[in-house]
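Dear colleague,

I am passing on to you the structure we spoke of, and below it I have set out what was found in two parts of it. Please read the notes with the model open beside them.

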Amino acid sequence: MKKRLNLSLLIGMLVFLNFQELRAQAASSRIIGAPSLQSGGSQICARPSFNSFSVIASLSLGGPFDGGNQFILELSDENGSFDNPANIQELARANGPNNGTMTTQEILFENFAVPENSNSDNFRLRVRSSSPEVIGAISTDPLPVHFFNDDFQIILNDFEDVIFCNVSSFNKTLSVRIEDGSGNSVNPDNFEWEWLKDGAIIVGESQSKLDVTEQGTYFARVPLGACQFFFSAFGGAGRSNNIGVSITDVASVVIETPAPDFSFCPNEVKILNSSLVDTRFKYQWIKNGEPIEGAVTSSITLPDNDFGGEYTLRIAISEDCSNLETPPVTIINEGSSITEPLPENLILLPSQTFTLQITTDAPEGSNVKWFVETALQSQGPLVGTTSSFDAQFVGKYRVEIEATDTCNSILFSETELFAPTGFEIKIGTKDENVCDAETFTLELLELLGETVAGLKIPLTQEQFAFFDFEWFKDGVSTGETTTSINVDRSDENAAYVLRADLRTGEFTNISSDPLIIALSGGITIQADPPVLTEGGTITLSVPQNDAHTYQWFRKVDGEDVLLEGQTNNTLEINENGEYSVKITTQICSLTISINVGGGGISEIIPNIVTPNSDGINDNWLLPASLFNQQDVEVTIYTSRGQVDFTSASYQNNWPLENSKSLGKDPIYYYIITKNNSVVRKGSITVMR
């Protein structure tokens with residue numbers, strides 16, 4: 001009886017095992033079809049703002065899978081191969097369907113993201129089950145998968161066209177730079193590049209710089225395969241601006257005029273033009289060797305007064321063709337001019353008679369008229385080269401000259417005199433470099449008259465004589481009664497004030513704002529602590545002084561970039577680099593710098609390598625405290641948890657020399673131990 005029970009039990013177990021085997025065989029016989037995009041598209045073009053895709057695959061009829069089975073969507077290597085497991089990336093998992101069925105079912109992978117280092121037209125997809133393992137069909141056609149940050153702006157040659165002047169050959173290096181959405185610099189060498197000339201790809205050029213020797217239209221782009229058009233259409237992402245490279249013959253550039261010649265009467269329209277006109281160029285008109293303020297276009301209209309002289313035009317065509325000057329032309333004034341006109345606005349002090357005067361080259365005997373508002377006050381023949389009028393009242397004044405020249409020129413000049421409602425005194429030093437000076441001079445820089453309309457009009461030097469002045473230091477008179485006073489470094493933190501009284505008594509005790517003698521010479525930036533560690537910060541500081549203002553800068557690509565909002569005497573940083581602070585006082589300003597990391601050991605461990613053999617970030621480099629140390633062990637894992645590299649006395653030579661996976665995975669993880677205790681761990685991104 002006992003033997004019969006044992007036999008029955010054995011038969012039952014065999015039946016159960018056979019059933020399980022048959023069940024597994026039934027599941028294993030099911031066919032997983034080639035996956036395809038649920039949307040029906042033929043490519044995946046991902047960006048930070050949209051990286052969500054869905055794939056569907058068919059599952060043939062057959063028995064059920066194990067209860068814990070999952071379907072895994074896998075991405076091949078960039079060449080479409082699944083041969084090397086180390087290069088296969090898992091995209092998503094689905095839990096069903098696991099039940100047996102007599103009809104075809106569907107496996108749906110919803111809203112998965114593709115890796116950010118994806119950039120190939122030749123990826124393929126497949127689905128496999130975990131229990132039992134069934135490897136599905138590979139997608140029939142290659143699937144382009146590209147990820148690009150469409151927030152990046154690619155800038156070629158700083159948007160400047162390249163124009164050479166009067167050369168037969170040239171060699172120019174074009175380079176790209178990248179800014180993210182916040183204006184921060186992104187290393188362009190982290191990307192592969194494609195260069196195009198006149199719309200055609202330049203074969204063999206894949207760096208961020210290009211030497212050009214031919215004229216044409218150039219631009220650079222990150223090669224994004226089948227997604228190139230998508231990203232280009234999507235705000236021009238992935239490509240730079242166009243740059244024209246050309247040669248211009250500027251030997252014949254001259255100044256032209258629509259008039260018959262360069263001789264004019266004052267009342268004629270006087271236009272000078274450049275024979276070379278291009279909105280890309282920068283222009284500057286020059287008269288008698290001095291640039292004319294505001295005359296920066298290819299054309300200029302001369303004024304009615306004082307327009308005679310020698311004119312040239314300076315043209316900056318490009319960086320490679322700048323400061324080109326035309327041959328000079330002499331403009332002849334066939335009439336006359338007022339060569340020294342009236343000041344625009346003036347303050348008339350109480351009891352003052354203001355002598356208004358103009359200088360002219362009109363012929364003697366020309367009729368001169370002086371008006372107040374519209375009323376004629378005086379007229380008579382011009383004697384010599386000047387005419388003057390004593391103004392005793394506020395109002396608008398005008399002088400007119402009916403010149404007896406060949407043009408019968410009518411010349412005029414106008415000004416307005418205002419009564420003061422108050423005064424403002426500004427004091428300081430005219431020398432800008434006194435921060436380190438032992439002695440310097442404080443001066444009356446401006447005495448402004450205020451009008452009822454709110455205008456502030458500088459008084460003339462001659463009008464200072466209508467006032468009595470006195471200097472005060474910390475509220476006590478110094479006894480100095482001129483418009484300047486000598487100060488030395490021992491007066492640090494003293495407050496100086498200049499007071500004035502109008503001698504006629506209408507305005508007294510006019511005071512400047514206190515000027516505190518705060519010198520910033522000899523100050524250095526202190527760093528605490530002196531070395532930046534990973535995850536740590538350093539506080540940069542200069543001595544606090546309420547009379548100082550502070551602006552902090554960081555050097556980026558050779559230029560000082562203002563750190564917005566950093567206006568204290570301290571700055572907290574978490575990155576190595578060159579920093580500076582501009583300290584401004586009421587009398588001077590000084591900029592001092594410090595290079596953080598340049599003089600000490602940076603303990604920052606990099607989390608990105610670019611093993612493209614360009615000599616930059618090719619290997620994962622540890623700081624000196626962890627490099628080549630016998631008691632320090634480094635272990636690097638693949639994203640699947642497999643050991644890719646392990647060693648003591650690490651020699652900064654992974655992944656180019658000793659990566660089991662050849663460094664082809666996008667993500668790795670590391671653990672660093674010292675004396676068997678974990679001191680650092682994190683991830684490494686491999687960018688090619």
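To begin with a pair of strands, β28 and strand β30, the latter spanning residues 354–360, run antiparallel to each other and are joined over two bridges. Please keep in mind throughout that this is a predicted model. Within this pairing, I338 has T360 of β30 as its bridge partner. In general terms, the strands of a sheet pair through backbone hydrogen bonds, in either a parallel or an antiparallel manner.

The pair belongs to an open sheet of three strands, ordered β28-β30-β33, in which the pairing is antiparallel. At its edges lie β28 (338–340) and β33 (386–391), each of which pairs on one side only, and from one strand to the next the twist averages 35 degrees.

D121 has a relative accessible area of 28%, so it counts as partly exposed. Leaving aside residues up to four places away in sequence, D121 touches P142, L143, P144, H146, L224, G225 and A226.

The side chain of H146 makes a polar contact with the side chain of D121, at 2.6 Å, while the backbone nitrogen of A226 lies 2.9 Å from a polar atom of the D121 side chain. As for C227, it is 106 residues away from D121 in sequence, yet the two C-alpha atoms are 8.6 Å apart in space.

With kind regards

Note on methods:
Residues are numbered from 1 along each chain as its sequence is written. This is a predicted model: local features need pLDDT of at least 70, side-chain atom pairs count only at pLDDT 80 or more; totals for chains, interfaces and linings use all residues. Side-chain values use heavy atoms; hydrogens and water are left out. Buried means under 20% relative accessible area, exposed over 50%, partly exposed in between (1.4 Å probe, protein chains only). Contact means heavy atoms within 4.5 Å. A polar contact is a pair of N or O atoms within 3.5 Å; within protein, one must be able to donate a hydrogen and the other to accept it, and residues adjacent in sequence count only if both atoms are side-chain atoms. Two strands pair if DSSP finds at least two bridges between them. Helices (H or I, at least four residues) and strands (E, at least two) are DSSP runs, numbered from the N terminus. Axes are lines fitted to C-alpha atoms, for helices over the stretch in contact, and angles run from 0 to 180 degrees between N-to-C directions.
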